[in-house]
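Please study the sequence and the model shown below.

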Amino acid sequence: MKYILEDLQTKVVKKVLDKVYSNDYNLYKKYSNYSPILSLERTLTTILGLTLQEIAEKCSQNLKVINTDKEEKLLGIDLRVFDGDVVWEGQLKSDSNTQTGTYLNDALTKISESTTKNQTKPFFATAFADSHDYIKDGIRYIGGESFWEWIGVNYRELELRIGKTIVECENEVLTKAQYLKNKEEITIPDEFEKYEEKKSQKFW
């Protein structure tokens, strides 16, 4: 698991920085009216969500987990989990903020439709939340440590690795944003440009 997470961390950082830099480079020139962290958060949410599904599939020790996004593209379904004679299908989201409002209702409708059609059991999971596991209206809500323990992934190790990934992305983006801001206003010291070049070599 350690080596899988290390490899995924490197890939996530590169994907995030590629997207943020390519899409938002010109916006950094208007830094006073633009928050690179907001752009980073949007990008991270998308890429981390897909990465967490990959982690669930590759690192699960207790149960067989299939990342259906890569295999079948089922409506409203991210993962299929084989737990003894029971097959579960559902969504995995990064945090509990996605479990509210219109989005939640739409997600639950899609999950219900797909699992009814496939004759599987529905679940809605959150990767990082207070640990919980309960059934409501026929759908299993499971999150935090309870979810990862269910499929057999070390939650603490995962949490630490994801935290390091987010911090690394934030440091890179903020440094780049400050660099571009300064470049518009003053001459950048050679040492700073060399520092930027050295940092970026890890990912480009």
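A residue is called buried when its relative accessible area is under 20%, exposed when it is over 50%, and partly exposed in between, as found with a 1.4 Å probe on protein chains only. By this rule phenylalanine 147 is buried, with a relative accessible area of 0%. The structure is a predicted model, in which local features need pLDDT of at least 70 and side-chain atom pairs count only at pLDDT 80 or more, while totals for chains, interfaces and linings use all residues. Residues are numbered from 1 along each chain as its sequence is written, and side-chain values use heavy atoms, with hydrogens and water left out.

Consider next the aromatic rings. Rings of Phe, Tyr and Trp (for Trp, the six-membered ring) pair if their centres lie within 6.5 Å; planes under 30 degrees apart count as stacked, over 60 as edge-to-face, and the rest as tilted. The count by this rule is 6 aromatic pairs. One of them joins tryptophan 88 and tryptophan 150, edge-to-face, with 6.0 Å from centre to centre and 90 degrees between the planes. Because tryptophan 88 belongs to strand 3 (residues 86-95) and tryptophan 150 to helix 5 (residues 145-151), this pair ties together parts that are 62 residues apart in sequence. Here helices (H or I, at least four residues) and strands (E, at least two) are DSSP runs, numbered from the N terminus. Tryptophan 88 is buried at 13% relative accessibility, and tryptophan 150 is buried at 11%. The ring centres of phenylalanine 147 and tryptophan 150 are 6.2 Å apart with planes at 65 degrees, so this pair is edge-to-face. Both residues lie in helix 5, 3 residues apart, which is about one turn of the helix. Trp88, Phe123, Phe147, Trp148 and Trp150 form one aromatic cluster.

Which ring does the charged end of arginine 140 sit over? It is the ring of tryptophan 88, whose centre is 4.9 Å away. A charge sits over a ring if NZ of Lys or CZ of Arg is within 6 Å of the ring centre and within 35 degrees of the ring normal. Arginine 140 is itself buried, at 9% relative accessibility. Its side chain also meets that of aspartate 133 in a salt bridge (2.8 Å, N to O). A salt bridge is a side-chain nitrogen of Lys or Arg within 4 Å of a carboxyl oxygen of Asp or Glu. Aspartate 133 is partly exposed, with a relative accessible area of 42%.

The strands come next. Strands of a sheet pair through backbone hydrogen bonds, either parallel or antiparallel. In this model an open sheet of 6 strands has the order 1-2-3-4-6-5, with mixed pairing; two strands pair if DSSP finds at least two bridges between them. Its edge strands, each pairing on one side only, are strand 1 (64-67) and strand 5 (132-136). Strand 5 pairs with strand 6 (residues 139-143) in the antiparallel sense over 5 bridges. Isoleucine 135 stands opposite arginine 140 in strand 6.

In total, the structure holds 7 salt bridges. Among them, lysine 58 and glutamate 54 meet at 2.7 Å, N to O. These two residues are 4 residues apart in helix 2 (residues 36-59), so about one helical turn separates them. Lysine 58 is partly exposed at 40%, whereas glutamate 54 is buried at 16%. Arginine 156 forms another salt bridge with glutamate 159, with the closest N and O atoms 3.1 Å apart. Salt bridges that share partners join Glu145, Arg156 and Glu159 into one network.
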